[in-house]
Amino acid sequence: MSSPAHRTPPSAAAISEALTDLALDLRWSFNHSADQLWERLDPELWDLTHNPWVVLQTVSQQRLQAATTEPEFQKLLADVNRERKSAEQSAGWFQQAHPRSGLTGVAYFSMEFMLSEALPIYSGGLGNVAGDQLKAASNLGVPVTGIGLLYQRGYFRQEIDGAGQQQALYPFNDPGQLPIKPLREPNGEWLRLSLDFPGTKLWIRTWQVQVGRTRLYLLDTNDPANIPAYRGITSELYGGGPELRLKQELVLGIGGWQLLNALGLHPEVCHLNEGHAAFAVLERARSYMAENKVSFDLALTITRPGNLFTTHTPVDAGFDRFSTDLMEKYFKRYAENELSIPFPELLALGRRDRGDLSEPLNMAYLAVRGSGAVNGVSQLHTQVSRRIFQPLFPRWPVMEVPITHVTNGVHTPTWDSAEADSLWELICGKERWRESMAGVEECFRRASDSELWQLRSNGRKSLVQYVRKCHSRQLSEQGASAEDLEQAAQTLDTDTLTLGFARRFASYKRPNLLLHDPERLVRILSNRDRPVQLVLAGKAHPQDIAGQEMIRQWVEFSRRNEVRSRVTFLSDYDVLMAEQFVQGVDLWVNTPRRPWEASGTSGMKVLVNGGLNLSELDGWWAEAYSPEVGWALGDRGEHGDDPAWDASEAQALYQLLEREVVPEFYMRDDHGIPRGWVARMRESMARLTPLFSTNRVVRQYTEEHYLSAASAFKERAKNQGAIGVDLLNWQTQIAKHWPTLRFGSATVEQKEGQLLFQAQVYLNDLDPDSVRVELYAQGLDGNTPFRHRMNRGDRLVGSANGFMYTARIAANRAAADYTPRLIPQHSRALVPMETPFILWHDSPSWR
């Protein structure tokens, strides 16, 4: 056996192939073991792009060949490949925790995915959530497949001109420069799909993105076989008018499910990340129809429990709606020829009032009616969502609108700095984000004050260096003077308390709340003994004039002589900039109007790096906050866009900074360590980092939704869909007879500390086992409502199908608190999700 020293070195072709595999696997976006490889090939290009595929495409053959002869390069490449293969082949959390689950696939549909700046097909929060969850699924071994769109221009890039105005630019996404590859048929042909569009066929090209153990499949319509208007369907993320949006969502939902079929993938679960992809529930049902020769109604009944809808929208106006005329143009033939239903029946699935012919189709309503479960993205957002969707469940109490929550999280390996990663690994081990995270909170509390403060100080220093470099470059591009460039190179200070504010500039996020009293802010920033500095970034939608004006105000403020060394607004906020911000700031500031921040994830990204949060009690912070981990604004109430409340909160924000935040940061011991600040850091990092990570999120989705959804779908589908047939028959009978049901008299008697309720119920021709009669009372202090099943007694004399129902409960509340009600009942049904009927006794005798 030959010794390692005498092994034949790999050939240049083998090294090139290995580098190609690495560059096309976006695992590098959250595992930085290969960074040195790309930096060696082209240090300048790597620093500018952090895109291995661009580096590999650009590097000269001479340099590449030279690298193949460098033993150190070869060893690094071998080590990286060994680690990558080990990660791919090892059993993940899912395989260990649920080895016999029966879940083989989850199709995750999203309009955008934020995986890396190298693949700019995202806008903001929605894509952030999708990308981070896909990465966590890879870490955990959960069988998730992403479905999205490949945009020719993606979201816009931003420049700030000399007047502080935002300029929107749209660089072309050259597929050859993106870390993607075409999907191929077994015979080598490009896998292309076709959809029937008005007047002609629409051809869809398909692409694959490797993300560790997971795959993301992208669809694009820029096929030469398409007419120009159709080639432009995937031209731009969130661009154009309603018709373009409808066509994009049609391609995503219907084309996406057809792609899964073409690849031979048959996921039990379809996860809709927002309502944009709701057409997938129609295509999934159509596919089941074709395979099993059943009706659309039965196919939807069987597939529905396998669909999960996650809503991110805090206001009803945020949902996509499409007019009847527009829907008819693209869906009338689909409904009649593919689903074999009248076109109005398809529209009814997306309407509040199924019979209102003037009501547009609401994509979120379609998603709700086509899914077995719906979740919001924070505890507070779930309360908001229940109010939004309550019209789909008329007369059901808001508390019982069937929406749960899975609070968002972030993919910590993507957002942690190299130094933070090393500290966490030293204290909690290398596999901490790939397993259940049991014990992570306790173990991290062993971190010493000096370790934590050194981490924070080094992160701030790196951020200051980054800001100086970016700021100088941006000023140079604007034609700034040599004096201005010299000042920019000295902006900020490595030992000064650094606040960060970076996100989309929109009115509800109140990005200019800190500017409410500019002079007071100047005093806070320029305090000689306890100075503060502020780094900002963010984009406003090109049509959002108010948002762009807020950017201009900040740029103008940052140019004031008193604060120009303390405040910097960087243009073109993207993933690379976000990483630098969240790794370097001491305090992340977030000031949305409650409850319009459904979750928010920007503040979560600072946690792993030791940054603290000062935020409105909205979204995730409403459930994360306690005095030990940061600071909070607000009274947990809703005040709309009241200017007086904004002014009050601005004053509260200034006071928090002046009286608590700044003094605590500068209160140092003999070693120069702010012990109070570091104590908050430790508690925030230990308690919140695991809790608000996508490791927890994906495990929660798996155990609370994916496993049960897969099981329910399989249960309904087995035996030629026997359970589905029974459910559909039951639903038909419920809908037919419900208008004829009624309550008779209802009485209550108190005896021996108990309340005995009696209620007459007339069911006419409906099977008594198809319904449930119960007593209902609102929960006390906002807690879970009281529900108590009433027992069916003898048939009422002279009645065809009337019964006396009784219930006996403890007399610890007034009888007037309770109301009898009638709801559908079936052991396999999702009530009220798919059968939202309810009948209340409006006037029991005890009221």
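R792 stands opposite Y805 of strand β26, in a model that is predicted, so to speak, from end to end of what follows. Being a predicted model, it has local features reported only at pLDDT of at least 70 and side-chain atom pairs counted only at pLDDT 80 or more, while totals for chains, interfaces and linings use all residues. Residues are numbered from 1 along each chain as its sequence is written, and side-chain values use heavy atoms, with hydrogens and water left out.

Helices and strands here are DSSP runs numbered from the N terminus, with at least four residues (H or I) for a helix and at least two (E) for a strand; two strands count as paired if DSSP finds at least two bridges between them. β25 and β26 make a hairpin with six residues between them, and G798 in the turn has a positive phi of about 80°. On to the rest of the sheet. β26 (residues 802–810) is also joined to β22 by nine bridges, again antiparallel, and T806 in β26 is the bridge partner of Q758. Q758, in β22, also stands opposite T747. β22 (residues 754–762) pairs with β21 in the antiparallel sense over eight bridges.

Put together, this gives an open sheet of four strands in the order β21-β22-β26-β25, with antiparallel pairing. β21 (742–751) and β25 (791–795) are the edge strands, each pairing on one side only. From one strand to the next the twist averages 25°; axes are lines fitted to C-alpha atoms (for helices, over the stretch in contact), and angles run from 0 to 180 degrees between N-to-C directions.

Next, the cores. A nonpolar core is a set of buried Ala, Val, Leu, Ile, Met, Phe, Trp, Tyr and Cys residues joined through side-chain atoms within 4.5 Å, where buried means under 20% relative accessible area, exposed over 50% and partly exposed in between (1.4 Å probe, protein chains only). The largest one has 123 residues, and F109, F279, M327, F331, L346, F389 and Y706 have the most contacts inside it. Helix α10 (residues 242–262) supplies the largest share of this core, nine residues. Setting aside neighbours within four places in sequence, L346 is in contact (heavy atoms within 4.5 Å) with L282, M327, F331, Y334, A335, L339, I341 and L361. A second, separate core has 59 residues, F444, L452, F501 and L587 among them.

L19 sits in helix α1 (residues 12–23). L19 is buried, with a relative accessible area of 0%. Apart from neighbours within four places in sequence, L19 is in contact with L37, W38, L41, L56, L64, F73 and L77. The C-alpha atoms of L19 and N81 are separated by 9.2 Å, although the two residues are 62 apart along the chain.

As for the whole protein, there are 28 helices and 28 strands. The radius of gyration is 29 Å, close to the 29 Å that the globule rule gives for 847 residues, so the protein is as compact as a globular protein of that length; the radius is taken over C-alpha atoms, and the rule is 2.2 Å times the number of residues to the power 0.38. The C-alpha trace spans about 95 × 70 × 60 Å along its principal axes. Of the 847 residues, 58% count as buried. Among contacts between residues at least 6 apart in sequence, 72% join residues at least 24 apart.
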